[in-house]
Amino acid sequence: MIKNKVIYVNAFFKPVGKEVTVEVLTGEKKKGLFGGEKDITRKETQWKQTGFSDHEIDGERLSNDVAKAIAQLNQEDYEVISVLPVISGGYYYKYEANGITSSPRIFGNTEAVSGGASYGFGYGYSYTEGVSIIARKVS
């Protein structure tokens, strides 16, 4: 009897951040003006996470998570048959029609034009939401 197993591995968005300057204790102390001791610090630049990307997945993390899932399947005597990406997407569009009118001018061969402009735009995108791993039990 063939036994199959499907595992879903979620993809996460890439962390984003910025470089910030922080003061770090050196472990040393110096004598203060009135005989007390004061900690000595030095300035250091560190990366600080401020959130997650809204458009870029963390490919390295996804690869590591897939490797762990496959290792677990292999430990349970499953053979990987296929790894399928699961794709999601989003879109946005807008169209606005502002009426434009024209009327002939009394003195001349031209027309008077009034009203607003019409416009429209749209976009769409896709991203890898995760992967499905399909495996078969090895007898």
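Let me start with one term: partly exposed means between the two limits, buried being under 20% relative accessible area and exposed over 50%. Keep that in mind for E44. At 24% relative accessibility, E44 falls between those limits, so E44 counts as partly exposed.

One caution before we go on. This is a predicted model.

Now, the topic today is salt bridges. Side chains of opposite charge can pair when their charged atoms come close. How many salt bridges does the count come to? Five. I'll take you through some of them.

Stay with E44. Its partner is R42, and the closest N and O atoms of this salt bridge are 2.5 Å apart. R42 is partly exposed too, with a relative accessible area of 42%.

Next, K14 and E56. Their side chains meet in a salt bridge, at 3.3 Å from N to O. Where do the two residues of this pair sit in the chain? K14 is in strand β2, residues 13-31, and E56 is in strand β3, residues 37-57. They are 42 residues apart, so the pair links distant parts of the chain.

Last pair: R61 and D65. Here the closest N and O atoms of the salt bridge are 3.7 Å apart. Both residues lie in helix α1, which covers residues 59-75. They are four residues apart, about one turn of the helix. R61 is partly exposed, with a relative accessible area of 37%.

Conventions. Residues are numbered from 1 along each chain as its sequence is written. This is a predicted model: local features need pLDDT of at least 70, side-chain atom pairs count only at pLDDT 80 or more; totals for chains, interfaces and linings use all residues. Side-chain values use heavy atoms; hydrogens and water are left out. A salt bridge is a side-chain nitrogen of Lys or Arg within 4 Å of a carboxyl oxygen of Asp or Glu. Helices (H or I, at least four residues) and strands (E, at least two) are DSSP runs, numbered from the N terminus. Buried means under 20% relative accessible area, exposed over 50%, partly exposed in between (1.4 Å probe, protein chains only).
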